[in-house]
Amino acid sequence: MVSPILIIALLLLFAFLMPLLGLLHKRLPAFATLILPAFNLYVAVTHFLKMDFIPVVIKTGGFRPPFGINLAVDHFSLFFLILVNAIGLFIAFSYLLEEQDYRFHTLFLLNLLGASGIILTGDLFNSFVFLEILAISSYALAGSRKEKHALEGAIKYLIIGSIGSSFYLLGVFILYKVTGTLNMADVALKLQNAKNGIVYLAGMFMLVGLFVEAELFPLNTWAPDVYQGAYNRIAVQFSSLISKSAIYLLFRITFLIFDDPLFYKLLLAFGLLTFIVAEFNALAQKDLKRMLGYSSIGQMGLTVLAFALYGMVSHPEAFFSAILLTVNHAIAKALLFANMDNMSENATIDVKGANPFSNLMFAIGALSVMGFPFTLGFWAKIEILGILLRSNLLVLFFLIILIFMVEAFYYFRVITNLFGGESVCRTLNPLLTLSLVIFSIFLVYQGFYPIFTFSWLNRALNALLNKAIYISIIAGGL
């Protein structure tokens, strides 16, 4: 099998070759941008299907931590690697083939490099390095449309993101001082039954850093402006690629290193706050893209809430629902933001006059986000409600039902307006149209027959849960 380290190496190499490729032929950067996520997807899927249950550690240059980049690959990391590179391939195929500015291709590849590196690395300092690559390329992408909201959001994101990165690095530094290692598995091994106040402080600092990229309250004030002002393809990148790599790292380090009721309670509180605040803000919006942005933030809050329920119910079905929510949100929100290209510029929630295809795509994406029956989102949301009922957490159950109703109200308001207006004919981008059809079929087919998603998700979940094997193989293998 092809080594996953080539994913990192080729993305880095071609990101810096883009100016040269652009000089050789104006189409070469677009071609490379399409090939690389497809290659990454091939490598990730091949390993996911053929790899044993035991995780694999890949050392570079024979260096031991903290001097070398050590990749730790298991089914959990491969599952997220497949997700972010599938979204990357969707963006490259639907949008970037026509883009002739090599700078966009460079930023896109650096962004994909940061996301893939966060997922593949087994080293805390290198997770910071990849977070920085992801963040810096994201700042530039957020402000690339030189529009008021985009620039305002990019500046806010730069300031908040820089503070968050500093906190994350400080947390990593404290853990290194306490344990003498930066390898995640080795840190987890040395902190087993040895957590104290300084370790908790380090964990809090690292969560602050991840809250920014994962768009969690209160460090997400930049996100609505970016979603409203950025190009639609960049909104897709934020909702379905950037935030998903951050959520992977949050899940990984919380369960592997800081597996403690205090952290789950903290995540539960901030996840719930994010969900409530974002959904009520979405209800109050007039601009359609801003509404989708707040909805995206709300779904991130719900995902973290579902993950944190593990601390209260001690059952892996909480992790199952969190990962399923992540998949559903990545696909559905990519569909919704990309579909904005088929609507009028600055569309509001009272939008009318879209074409029938666009109306249908919006309806399918929105129904899946809402968790409507016969969509993938239904299985994710019914799982959360089932956990709350079985655990007798009735106050939280009824509170989440209330927020689901708020979410359904503002989405059905838009759907009613779309189908109530007179349809118009628009020229559609054929590549984008094909991508939207594939995503919508996936959401509906998995709503009827979710065995495929469940099967892959269970393999990822088993890898996450078998922490002892992960630690013994990765830390012992060094």
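Predicted model: local features only at pLDDT ≥ 70, side-chain atom pairs only at ≥ 80, totals over all residues.

Tutor: Residues are numbered from 1 along each chain as its sequence is written, and side-chain values use heavy atoms, with hydrogens and water left out.

Student: What makes the radius of gyration of the protein agree with that of a compact globule?

Tutor: The radius is taken over C-alpha atoms, and the globule rule is 2.2 Å times the number of residues to the power 0.38. For 478 residues a compact globule would have a radius near 23 Å, and the protein has 21 Å, so the two agree. The C-alpha atoms fill a box of roughly 65 × 65 × 40 Å along the principal axes.

Student: How many helices and strands does the protein have?

Tutor: There are 20 helices and 2 strands, where helices (H or I, at least four residues) and strands (E, at least two) are DSSP runs numbered from the N terminus.

Student: Why are H3 and H19 called oblique to each other?

Tutor: Helix H3 (residues 75-94) and helix H19 (residues 451-465) pack at an angle of about 135 degrees, with their axes 7 Å apart. Axes are lines fitted to C-alpha atoms, for helices over the stretch in contact, and angles run from 0 to 180 degrees between N-to-C directions. Angles under 35 degrees count as roughly parallel, over 145 as roughly antiparallel, 65 to 115 as roughly perpendicular and the rest as oblique, and H3 and H19 are therefore oblique.

Student: Which residues in H3 and H19 meet?

Tutor: With contact meaning heavy atoms within 4.5 Å, His-75, Phe-76, Phe-79 and Ile-82 in H3 meet residues in H19 including Trp-456, Leu-457 and Arg-459.

Student: Why is Thr-46 called buried?

Tutor: Buried means under 20% relative accessible area, exposed over 50%, and partly exposed in between (1.4 Å probe, protein chains only). Thr-46, in helix H2 (residues 28-50), has a relative accessible area of 15% and is therefore buried. Not counting residues up to four places away in sequence, Thr-46 touches Met-1 and Met-51.

Student: How do you know whether Asp-186 is buried or exposed?

Tutor: The relative accessible area of Asp-186 is 15%, so Asp-186 is buried. Asp-186 lies in helix H7 (residues 184-191) and, not counting residues up to four places away in sequence, touches Thr-181 and Ala-475.
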